[in-house]
Structure formats: C-alpha cells, structure tokens
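Here are my notes for you, as promised. Have the model open while you read, and click through the residues as they come up.

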Amino acid sequence: WMFIRFVCHQADVQIEKAVLEPRGGPSYAGSAIAAYAEEQHASLVVVGNRGHGALKRGLMALAGLGSVSEYCLNHMHCPVVIVKPTYQESAKSDA
C-alpha cells in the first residue's frame, strides 16, 4: 500500500482506499466492489489475490466458485490490477 501511495503521489494521481465488507460468496463481494468503483467513477481498481495454487483454483472452479479478483477482472468497467501475495503471505494462507 505504501508503494502504491508513493507512485500515485509522484504521478499526481488521486487515490482512495476503501475496505468493503460484503457478506456472501466471491461473486457478491466482487459485485459490491464493482458497484463501488462505478459509483466513485474509478479509473483503476487494485485488488489482492490469495495466491492459491492451480489445484485449489481448479477445485474451486469445479465447485462453481471463483475468486473475488477473478470476478473483478471480468466484470469491471475499468482496468483491474491484481496484486499477488509474497511467498510468505501465500504460505500462511495455505496453512
């Protein structure tokens, strides 16, 4: 977050950090983010990614579940940047 703020400040780009806490599955969370971005006339959205491996992603897809970042990537009106976790963060989320 600090790096993003620094880069945006250097480019004179206004940023807003929002934490949304929708209830429901990934598509509900993704649609809440998309709606908020639309309301705010966002020109770019940055979302995180848990960094699940291919096996977990495949199992989630078979179960009809997707990720919030994937939903945002496919449904936003503006560009989406997906930030992957560091190796340590990814290892913690898989534990």
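The points below go from the whole chain down to single residues.

1. First, the ground rules. This is a predicted model, where local features need pLDDT of at least 70, side-chain atom pairs count only at pLDDT 80 or more, and totals for chains, interfaces and linings use all residues. Numbering starts from 1 along each chain as its sequence is written, and side-chain values use heavy atoms, with hydrogens and water left out.

2. Overall layout. The chain has five helices and two strands, and along the sequence they run α-α-β-α-α-β-α. Helices (H or I, at least four residues) and strands (E, at least two) are DSSP runs, numbered from the N terminus. Of the contacts with a separation of 6 or more, 69% are between residues 24 or more positions apart; contact here means heavy atoms within 4.5 Å.

3. Surface and burial. The accessible surface is about 7,400 Å², and carbon and sulfur atoms hold 58% of that. Areas come from the Shrake-Rupley method with a 1.4 Å probe, and for residues only the protein chains shown count as cover. Of the 95 residues, 16% are buried. Buried means under 20% relative accessible area, exposed means over 50%, and partly exposed is in between (1.4 Å probe, protein chains only).

4. The core. Which residues make up the largest nonpolar core? There are eight: Ala-34, Ala-37, Val-45, Val-47, Cys-72, Met-76, Cys-78 and Val-80. H2 and S1 are the elements that give two or more residues to this core. The rule behind it: a nonpolar core is a set of buried Ala, Val, Leu, Ile, Met, Phe, Trp, Tyr and Cys residues joined through side-chain atoms within 4.5 Å. Take Ala-37 as an example: leaving aside neighbours within four places in sequence, Ala-37 is in contact with Ala-42, Val-45, Met-76 and His-77.

5. Cys-78 is in no disulfide either, and its nearest cysteine sulfur is that of Cys-72. Cys-72 counts as buried because its relative accessibility is 0%, and Cys-78 is buried too, at 10%.

6. A greasy patch. Leu-44, Val-46, Val-81 and Val-83 form a nonpolar surface patch of about 290 Å². Patches are made of residues with over 30% relative accessible area and no salt bridge; like charges are joined within 9 Å, and nonpolar side chains (Val, Leu, Ile, Met, Phe, Trp, Tyr) within 5 Å. A salt bridge, in turn, is a side-chain nitrogen of Lys or Arg within 4 Å of a carboxyl oxygen of Asp or Glu. Leu-44 lies in the loop between H2 and S1 and is partly exposed, given its relative accessible area of 46%.

7. Most residues other than glycine have a negative phi. Now look at His-41, where phi is near 55°, a positive value in a residue other than glycine. His-41 sits in the loop between helix H2 (26–39) and strand S1 (45–48). Is the side exposed or buried? His-41 is exposed, at 70% relative accessible area.

8. Asn-49 and Ser-69. Asn-49 is in the loop between S1 and helix H3 (54–62) and counts as partly exposed, at 28% relative accessibility. Not counting residues up to four places away in sequence, Asn-49 touches Ser-69, Ile-82, Val-83, Lys-84 and Pro-85. Ser-69 belongs to helix H4 (residues 68–75) and is buried, because its relative accessibility is 4%. With the four-place limit applied again, Ser-69 touches Val-47, Gly-48, Asn-49 and Ile-82.

9. Some C-alpha distances. Val-68, found in helix H4, is partly exposed at 28%. Asn-49 and Val-68 are 19 residues apart in sequence and 8.1 Å apart in space, C-alpha to C-alpha. Val-68 and Tyr-28 are 40 residues apart in sequence, with 8.4 Å between their C-alpha atoms. Ala-35, in helix H2, is partly exposed at 37%; Ala-35 and His-77 are 42 residues apart in sequence and 9.7 Å apart, C-alpha to C-alpha.

Key: A disulfide is a pair of cysteine sulfur atoms within 2.5 Å.
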